[in-house]
Amino acid sequence: MAQHVSYRQPPKQRVRPPVPNTMDPNQLFDDTSASQPPQPASYTVQGIDVGLPINSFLSEPVADFAMAYGTTIANQGKDIVHKELNRFVSVNKLKYFFTVDTRYVSKKLALLLFPYMHQNWELGYRVDSRLTPREDFHANAPDLYIPTMAFITYILLAGVALGIQQRFSPEVLGICASTALVWVIIEVLALVLALYLISVHTDLTTFDLIAYSGYKYVGMIITILGGLLFGRDGYYVALAWSSCAIMFFLVRSLRMKVLSSTSDGVTSHSSRNQLRMYVTLAVAAFQPLIIYWLTVHLIRVDRGFRMKSWLVALISGIAALVIGLLIGHFAIPKDGITEQGQGSAQDIDESLIRRFMSEVDNKRIEDNLRELSKKPHMATTKGDIDLVNLMLDRWQDKETGLDEAKNMTYNVLLNFPDKNNPNRVAVVAPNGTELFKSRIKEVNYTKDQLDPDVVQPFAAFAPAGECKGRLVYANYGTMDDYQHLNKTINLNNTIAIVKYGGTGRGDKGINGARFGVSGVIVYTDPADINDGKLSDKNETYPHSWYLPPSGVERGSYKSNFGDQLTPYYPAKGYTFRQAVSNIKGLSPIPAQPIGFEDARQLICGLTGDKAPEGWQGGLGCTYRLGPGFHNESSFADSHVTVSVHNKMEIKPSDNVIGIIRGSVEPDRYVIYGNHRDSWVHGAIDPSSGTAVMLEISRVLGKMVKEGKWRPRRSIIFGSWGAEEFGLIGSTEWTEEYYKKLIERTVGYINVDIAVFANATLRANGSPAVQSVVFDAAQQVTVPGHQDLSVYENWKKYSNRTSPLHGVIPNMGSLAADSDYAPFFHYLGISSMDISYTYDKTKTKARIYPAYHTAYDTFDYASRFIDPGFTSHQTVGRTAGNVLLRLADSAILPFNIRDYSEAIEQLYQAAKEEFNTELSNHNISLDPLHSAVTKLKEAADGLHVRISEMQDRSASPLKLRMINDQLMLLERSFLDPMAFPDKLYYRHIIYASQDSAVGTFPGLADAYQRATVEGGSWDDVRKHLTIITHTLESAASTLEAVI
């Protein structure tokens, strides 16, 4: 995810060509306002007979003199303007009208000559200022560059025409030039007077009127060329065409300003507005008269036929104008605003969205994934650096790249195993003999596992050390699990073996240390991941998607995300770093993961009481608690050792940022991101998401490069570094640009693991984004089922009943296990995480089985996860659809009533679970209920005001006001003082919590501490205050502005 600011470049890898110092680093196009393109010295036309001796007339002395004299007049005029300009006008204001580029000039000329099918005639705005011509994607902004150049070209052509006819003289050419200029002045003065007399209040300036009036010079050039090349008939055909084109152009352009006079941008239909219409039509009808008057004397035409032909041309032009108006009127789509799940705002270009979705290519995604996962690419390794360069190459591609792509480097604390001294779990007999050693490498089934860059299994951030003790089985290693064990077993100096799941990796050691456990062994139980499958002979990979017995899940064993030495500040060279000993949230005891084939030898040999039924697993034996091994085991009377040799290192890690600048609101950002690094090959985690992101950015980049589209708001793509070590890259970026991102970011889309499996869509997110995700899902079809939408398929697999919408898909809330966490929990940016997943009725796997192992490869993904990559394509279409809606909607597609509904449900859960006990302690939920009601009423009121807005293009300030209310609602739920012991968690609705009650996290945890752990009820009162105050404040942000 990205940011268009100056970025720090790493001292490695790429060598880019130098950029001249005169260039604006943020400029997207060459500025043509200050210079003209070089002209060829001479040219000839061969092999084409156009009925005119072009080569000969250019060499005639009179014609040469005419061309030279015309050029002299133009140059002298240019010098006078440069010297005297500041005496009469503001150079800064005038400079605006000359800020053009080649793209704008090309599109504007095409618009002047072929205006009939142009749909969007509105001027673009950024906040309350108009976009410059160069920034206006639709080329609607008036400019003076084209009128000026057209006027000069008209003088040159007039000189050429007069020279051909042997009628040239400086006086005659001077009269032509002055007459053409005087008519424009008269026209502008007449229009200013007319607008004043009929009381039209418009933001059209005098320069705007001069520009619109000056565009007729383009028609005059076409008319003269028609006469020079094709004689009398060519003249009148060109006159008719250019006249009706200019008339149509002016009617549509001036209509947006002259006919719109009400404060809310809705066109009035009063009698006075009819006068405005007459003025607009009169200006348009005046154009063919002036064009004819200023050009007819330059072409030899029979005088008896001239008046009749002129009348025919004028009548034909008016008829063509009427036909063109009808074509333009019916060609413009008039989409309405629909309810949730049925569509988005009327200004969305649905045809562009359909085109985007049709161009998302599953084969390209497959190729992307093959390239991304061909080598292991753990953070900061050579494989990771190679992918940094790949991302830059793709996003800087001349044909399909973005406006800008850069990498940003942070120096962050990471943790790696010692290649020369591998981590091990061993069983040691009383005499010191090692009876068992855990594997240091997974079994190879393909060449991927043999790659020398495959990192040995380890627990990142587990402290180095060696511990020894009797083995106990502690289920998932939660606090409840250790408390249960501690009732019958002295856990001091024991080694605990635990299963993945149930709690965070780092918590397994942190919890155990509180009870005296000296080390932790972690494994993936087949019952949790493999549906009981154990054998690699015919049940697990390479025969199916299930995890082979030697597979080991790697991971980061810490509780907090971001760089651990620089919390709340970016890990730059200038940043203060705390001591490693002051880091919070790290396990104080060694930990090491192993495969379930090794775990089976340890667990199946344990003695002691039988573990509870809920603790039993899938290793094919009865799980016992220990401590130690039973007498029949070959490990009887032996101890277990855990040897960890991890090393802390500060390493440079890169984010890659790609930017498409917005055309109307470039200071509003829609961010789409995924991390790049993996533990091994990472085909599914994270490269499936990166493969999709590259395809989305390719399609959008191609449309931008071809000039077919530019988003309303800026789009930022982010390829985050070092996510596997604790969301480091994304967190450091949000820290560095905290103030800018919190003020300007509309939303964040996260696609990490794009495809867990190929059954159904899964989305988690803020309630604010539910409607836009539903809208997108309704437009995408399920692979192989063209009559079934992703939305309906999703609803079939997972649904809930909403008081607002009835039965809808169930969208989950956001935890903190991917890069959306700093955006959502720290910055309060409405976020979502989108993926495709499996049918949970057919498997009990907690995640795809090869997760974080050496078997997460392209072979695994292409054979067992998504053959054909159509589910990847579906995710790309859905996420890209959401991205376009967030970037292009005039009004942000957030239905805030969904948020008030979600908060109402949280309140009801608190009431059902806590009300009785709270009443016993004289604590009332009435103030909270009042705040919830107030928020609902405010949300309903804003929803009504949005629904009543009829014209979403004529009042940019009103749009901005509404959009800011929608965008900033999520921020209003932040309270930096609510959770002082939790790094980065500030969202009082969705912060992390220990309690299992689905309500406000601060209240739920405070209630649990008061009732279970003997905590203070004052803490409950405090969190009720925080929640009530926050909800009332949030409601006030949605109310109509005073």
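In which sense do S4 and strand S13 (residues 639-644) pair, and over how many bridges? In this predicted model, the two strands pair in the antiparallel sense over five bridges, and within S13 the bridge partner of Val428 is His639. On the S5 side, S4 pairs with strand S5 (residues 434-437), again in the antiparallel sense, over three bridges. Here Val428 stands opposite Glu434. The hairpin of S4 and S5 has five residues between the strands, and Gly432 takes a positive phi near 95 degrees in it. Because four of the five residues of strand S4 (residues 424-428) are buried, this strand is largely enclosed by the rest of the structure.

Turning to the open sheet, seven strands are arranged in the order S3-S14-S16-S15-S17-S23-S18, with mixed pairing. The edges are taken by strand S3 (404-416) and strand S18 (760-765); each has a single partner strand, so one side of each is left without a neighbour in the sheet. From one strand to the next, the twist averages 20 degrees. Strand S15 (residues 665-675) and strand S17 (residues 745-750) pair in the parallel sense over five bridges, and Tyr672 has Ile749 of S17 as its bridge partner. Helix H22 (residues 790-797) lies across S18 and strand S23 (831-837), at about 85 degrees to S18.

Next come the nonpolar cores. The largest comprises 229 residues, and those with the most contacts inside it are Leu602, Leu700, Phe717, Trp733, Tyr848 and Leu1031. Leu1031 touches residues including Ile903, Leu928, Phe973 and Phe1000. A second, separate core of 66 residues includes Trp121, Ala180, Leu191 and Val218.

How values were computed: Residues numbered from 1 in each chain as written. Predicted model: local features only at pLDDT ≥ 70, side-chain atom pairs only at ≥ 80, totals over all residues. Heavy atoms only, no water. Pairing = 2+ DSSP bridges. Axes fitted to C-alpha atoms, helices over the stretch in contact; angles between N-to-C directions. Contact = heavy atoms within 4.5 Å. Core = buried A, V, L, I, M, F, W, Y, C linked by side-chain atoms within 4.5 Å. Buried < 20%, exposed > 50% of the residue type's maximum accessible area, 1.4 Å probe, protein only. Lists of a residue's contacts leave out its neighbours within four places in sequence.
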